[in-house]
Every structure is written in C-alpha cells, then in structure tokens.
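Me: Please look at the structure shown below, and then let us work through some questions about its helices and its surface.

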Amino acid sequence: MQAASNPTLTDTNSIPDSTTSSRTLIGATIAAVALGLVVLLAFSTATKPQPADEMTFAVLALMAAVCFWTPLYRWCERQEGGLPFGLSAVMFIIYGLARRAGPVHGVEFHLPIDPEDPIVVSYAAMVVVAGAVITLPFWWRSVSRWTKAVLLGSALIAVIACCIFTFLKGYYPVGSTEIIDPAPLVFLLSQVVEFAALALVCNAACLHPKVRGVVMRALPLILIALWVRHHSATAPTEEAE
C-alpha cells in the first residue's frame, strides 16, 4: 500500500488561488494593471515627496530584493497571506505618494453631510476603487486572511469615527446654529475606502502565480526607480539653495 502523503505548507497555508485558470489570470492581470497606474502616478513630480519618503523607498527596495529575489520568496509564498501582505505594505507607501498627484484636478463630489465643501477625489483613488470593483468577481471567494484583517480594521475605524462624530455633534455644537465641521470625517472615511480598495486590488493581483511572480519581482526595481526619479528631481533645488 502506498502511504498517504501529508499536506505541505503549500496545501494548507498558501494564498487562496487553488485555480490557475484563464479566468483567474484575467482578474490578476487587471489588478496588476491598476497597480501599475498607481505607480505611474507616483512618478509625477507633483507628488513632492519629502526626504523621508525617498529614504523609505530605498529601504523598501532593499527589503523587497531580499524577500523576492532570493530563495526567501518561496518561503513567503508558502505563508497564507504572505505575498498579499508584502505587496500591500509596499503599495500603501507608493499609494500615499500617488494620491498627491493631481488632487486639485480630480473629481469633485458634493455630499449631503457637507454640501458647501466638496470632496476632491484623486486620480489614484479612482484607479484603486475602479480596480477593486472590476476585479470583484475574481477575488470574491479568494480573499486572504491579511486582506480580511485590513477590511475588518478599516470597517472598525469607520464605525468608531462615525460614533465619535455623532457624539461630538450632539454634545458640543459650535454656536447656536452651526455644527461640528464634518470635513475631517469625510476625509477619514475616504481614506478608509481608498486603502481598503487598494488592499483588495493587491489581493487580486496575487491570485495567479504567474502574475504575482512578475509583480513581486518587479517591486524592487520600481522602488529603486522611484527613489532615483524623485531624488534626481529634488537635487537641483537643493543645490540651488
């Protein structure tokens, strides 16, 4: 009799991408394209990164090279949610820069909570939200534990923020007719939606092994290119000063 093989780490702890069908490939590719657009926005000089941002890119590039260009990549791939976590950790930093690209020229929305002060949605936000919605049929049944934790944390932050705003609105009015300014709440909720959508896009990009292999191995190069781009763009100004 042939002994039954024990399940490996890959069987029990891998990213929930049990299928490598063309359907999964399409969804992962769409998510990868959305992330690529976010990266392109981060290259804009309008983002005006600080020296701390440039240092962060350099450190992340080194860490990404160690994790994704060495045999350590196979270990990360065997951990449930390991690669979505790594991709999200990098893309959260890149997205923080990309959302500064052209916010003045974004789309304005007038919300009932604050009709006189419209909220401007950046191009990066539109990309990640659209990417999360378009790839919904692909990641709906394949969400990693890391991504679920991000979504749960985002929902918790939104609920707490709304409760705090409701409490302050009821007990600390400003004047006889004015109320607490809702702009900070709207800004916070928009960020919650944006980063939750970004986490879902990163999760979708990791569903297919070929796509996630290309994306993860490209991260160090992208981070180095971002560091070079912004460092060279700010160098002449620093020298002039």
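**Helix faces and a surface patch**

Reply: In this predicted model, the buried residues of helix α6 are Ala124, Ala125, Val127, Val128, Gly131 and Ala132. Around the axis they cover an arc of only 165°, which puts them on the same side of α6.

Me: What span should the 12 residues of helix α6 have at 1.5 Å a residue, and how far apart are its end C-alpha atoms?

Reply: Helix α6 takes in residues 123-134, and at 1.5 Å a residue its 12 residues should span 16 Å.

Me: Within what arc do the buried residues of α2 fall, seen down its axis?

Reply: Helix α2 (residues 22-42) has 21 residues and reaches 30 Å from its first C-alpha to its last, close to the 30 Å expected. Its buried residues include Thr24, Gly27, Ala31, Leu35, Val38 and Ala42, whereas Ser22 and Leu40, on the other side of α2, are exposed. Seen down the axis, the buried residues line one face of the helix, because they fall within an arc of 165°.

Me: Is leucine 168 buried or partly exposed?

Reply: Leucine 168 lies in helix α8, which runs over residues 145-171, and together with Leu156, Ile160, Ile164, Phe167 and Tyr171 it forms a nonpolar patch on the surface, with about 620 Å² of accessible area together. Buried would require under 20% relative accessible area and exposed over 50%. Because its relative accessibility is 32%, leucine 168 counts as partly exposed.

Definitions and conventions. Residues numbered from 1 in each chain as written. Predicted model: local features only at pLDDT ≥ 70, side-chain atom pairs only at ≥ 80, totals over all residues. Heavy atoms only, no water. Patch = residues over 30% accessible without salt bridge, like charges linked within 9 Å, V, L, I, M, F, W, Y side chains within 5 Å. Areas by Shrake-Rupley, 256 points an atom, 1.4 Å probe, with all protein chains shown as cover. Salt bridge = Lys/Arg side-chain N within 4 Å of Asp/Glu carboxyl O. Helix = DSSP H or I, 4+ residues; strand = E, 2+ residues; numbered from the N terminus. Buried < 20%, exposed > 50% of the residue type's maximum accessible area, 1.4 Å probe, protein only. Expected span 1.5 Å × (residues − 1). Arc of directions from axis to C-beta.
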